[in-house]
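Please read the following notes with the model open beside you, and check each point against it as you go.

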Amino acid sequence: MRGWIAILAASVLCGSCMTAGRPPIYVPDGPLVVAQQSLGPLSSPVPRAQPPSRSLVPIAFPYTPHPDWIPTQTNYDPGRDGASIDYIVIHYTAISYARTLKAFNIPASYVSAHYVIRGDGHIAQVVGEADTAWHSGNFYFNEHSIGIELELDDITNPAFTAEQYYAVAALACAISARHGIPLDRAHVIGHNEVPGSTHSDPGPTWGWPHFMYLTSLCAPPNASTVHATFVSETAFPVIDTDEIAPVSIVLRNTGGTAWRKGTSQEARLAIRGNRTDLVFLSDRWPAADRPAAQSEDIVPPGGTGTFTFQVKGTVPGTFILPLRGVVDGGAWMDDLGVYTVITVQ
Ligand SMILES: [Zn+2]
């Protein structure tokens, strides 16, 4: 048993740290034997490639994660010495979920993580977020980060699954909301990116573009994630009284949260300063100070959103309509000085 523990301690966390190949394959213990999957050969990483799914029913994402609290009694340091939580570090286990949880209760292994995500997307929380887990091999980063282990194991979970991507993205969004960690690649990193790291996990089969796309779908909209640049707008309308004309503004999402129609992440076009005195120009605007909402269902970071509305001529004159994007569930977009001029003859 002692020898087994020694092998376990050396091999747990990131099989890449083993320089002489993978550890021996053990017969899986406990009830965690899963049916053999027909995954086919592992393909090379492709941006947004769809990982294999283990669920028979589609998962509605985003969702709120509900980790199972399975705390280690030994492998953590209480508190963080006052350190701020600034990073999320992604790992894989190189052994089964069950063995990972066992190792996290063996003091001699000197390893743990805050969360472990099983191949089917189940989340175990092993260390409280206020406490320091032993996952990154770097004392500073351990105190300043939250570590998430993904089960990746020759027998129990030979490839990252769709459910694991959903679970880790949902978890990252919840952690971001709790601690204000930006969901970008400067703050969400792999173990291999920890300074001084000798590990290569999460490795070449981990799909960063797919994962970051998923996090954008649940990233809390706030002043750090809501940003836009101007792309285009239609010509200033010239209309007669009682005539109606369309106006269309296109903005690019340069923030970290997707714009999602019908959610707290929905992007809208507002009249700057929430002015309502221009509502006499309205033709069926959603609100007196909100001429339009995004047309698209989802505008991910880097994508463009179109905001189309109609103005109506009521009295002759020239009217300036100052416009600014907003995610009402979170924050104003950058003030880009966008406006349209309506001339009513
Ligand atoms: Zn690792």
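1. How are H4 and H5 oriented to each other? This is a predicted model, in which local features need pLDDT of at least 70, side-chain atom pairs count only at pLDDT 80 or more, and totals for chains, interfaces and linings use all residues. Residues are numbered from 1 along each chain as its sequence is written. Helix H4 (residues 162–179) and helix H5 (residues 208–218) pack with their axes 9 Å apart and at an angle of about 50°, and H4 and H5 are therefore oblique to each other. Axes here are lines fitted to C-alpha atoms, for helices over the stretch in contact, and angles run from 0 to 180 degrees between N-to-C directions. Angles under 35 degrees count as roughly parallel, over 145 as roughly antiparallel, 65 to 115 as roughly perpendicular, and the rest as oblique.

2. The contact between the two helices can be listed residue by residue. On the H4 side are Tyr165, Tyr166, Val168, Ala169, Ala170, Ala172 and Cys173, and these meet His210, Phe211, Leu214, Thr215 and Cys218 in H5; two residues are in contact if their C-beta atoms, placed from the backbone, lie within 7 Å. The residues of this contact of H4 with H5 divide into 10 nonpolar, 2 polar and no charged, where Ala, Val, Leu, Ile, Met, Phe, Trp, Tyr, Cys and Pro count as nonpolar, Asp, Glu, Lys and Arg as charged, and the others, Gly among them, as polar.

3. Which residues of H5 are buried? They are His210, Phe211, Met212, Leu214, Thr215, Ser216 and Cys218, and the buried residues of H5 pack against H4. A residue is buried if 20 or more other C-beta atoms lie within 10 Å of its own, exposed if 12 or fewer, and partly exposed in between, with C-beta atoms placed from the backbone.

4. For the protein as a whole, the model has 5 helices and 19 strands, where helices (H or I, at least four residues) and strands (E, at least two) are DSSP runs, numbered from the N terminus. Of its 345 residues, 41% count as buried. Among contacts between residues at least 6 apart in sequence, 75% join residues at least 24 apart.

5. Confidence deserves a separate remark. The protein averages a pLDDT of 87, and 86% of the residues score at least 70; pLDDT is the predictor's confidence in each residue, from 0 to 100. Over residues 1–12 the pLDDT is below 50, and this stretch has 21 contacts in the model beyond near neighbours in sequence. Over residues 15–47 the pLDDT is also below 50, with 38 contacts counted beyond near neighbours in sequence.

6. Ala60 lies in the loop between helix H1 (2–11) and strand E1 (68–69), and Ala60 counts as exposed because it has 7 C-beta neighbours inside 10 Å. The C-alpha atoms of Ala60 and Tyr166 are separated by 9.3 Å, although these residues are 106 residues apart along the chain.

7. Most residues other than glycine have a negative phi, and most peptide bonds are trans. The peptide bond from Phe61 to Pro62 is cis, with omega near 5°, and the bond from Asp201 to Pro202 is cis, with omega near 15°. Asp242, which is not a glycine, has a positive phi of about 70°, and Asp242 is exposed, with 9 other C-beta atoms within 10 Å.
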